[in-house]
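Hi,

Here is the structure I said I would pass on. Have a look at it first, and then read on for my notes.

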Amino acid sequence: MLPRDCSLRTVRQLLDEIRSAVQSEAEVEIDCSALGTIDLAGLQLLVSAARTARAAGERISLRGPSEILNAALARAGISPAQLGDCNLTNKA
């Protein structure tokens, strides 16, 4: 699960957690429902994780992408294509 604050302050710890999950699981689901703040460092982490998973033949799903995440992606000019095979699902 992404924490409420997914920013430069927290991205290093998240990087280690996501990297470990991508290396050990064929499909990684990241719960975004608690997200309250995300900056460019957090967005870069998600794009990097999606690319890393794709290169390893795996997938990442973002569950519960909020308006905060969608707005941050739009402001940064990040398209779904840049997330590759990453699924954006609104499942609860």
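Let me start with D31: this residue is buried, at a relative accessible area of 11%. That puts it below the 20% cut-off for calling a residue buried. Before I go further, bear in mind that this is a predicted model.

Where does D31 sit? You'll find it in strand 2, which covers residues 27-31. Its side chain has a polar contact, at 2.7 Å, with the side chain of S33. If you leave out residues up to four places away in sequence, D31 touches M1, L2 and R63.

Now for the overall layout. The protein chain has five strands and three helices, and reading from the N terminus the order is β-α-β-β-α-β-α-β. Of its 92 residues, 41% are buried. The accessible surface is about 5200 Å², with carbon and sulfur atoms accounting for 51% of that. I also looked at how far along the sequence the contacts reach: taking those between residues at least 6 apart, 85% join residues at least 24 apart.

Next, the helix packing. Two packed helices are described by the angle between their axes and the distance between the axes. For helix 2 (residues 40-55) and helix 3 (residues 67-76), the angle is about 90° and the axes are 11 Å apart. So helix 2 is roughly perpendicular to helix 3. Which residues make the contact? On the helix 2 side they are L40, L43 and L46, and on the helix 3 side L69, A72, L73 and A76. By type, the residues of this contact split into seven nonpolar, no polar and no charged.

Is V11 buried or exposed? It is buried, with a relative accessible area of 14%. Again not counting residues up to four places away in sequence, V11 touches A41, G42 and L45.

Cheers

Key
Residues numbered from 1 in each chain as written. Predicted model: local features only at pLDDT ≥ 70, side-chain atom pairs only at ≥ 80, totals over all residues. Heavy atoms only, no water. Helix = DSSP H or I, 4+ residues; strand = E, 2+ residues; numbered from the N terminus. Buried < 20%, exposed > 50% of the residue type's maximum accessible area, 1.4 Å probe, protein only. Contact = heavy atoms within 4.5 Å. Areas by Shrake-Rupley, 256 points an atom, 1.4 Å probe, with all protein chains shown as cover. Axes fitted to C-alpha atoms, helices over the stretch in contact; angles between N-to-C directions. Parallel < 35°, antiparallel > 145°, perpendicular 65-115°, else oblique. Nonpolar A, V, L, I, M, F, W, Y, C, P; charged D, E, K, R; others polar. Polar contact = N/O pair within 3.5 Å; in protein donor to acceptor, adjacent residues only side chain to side chain.
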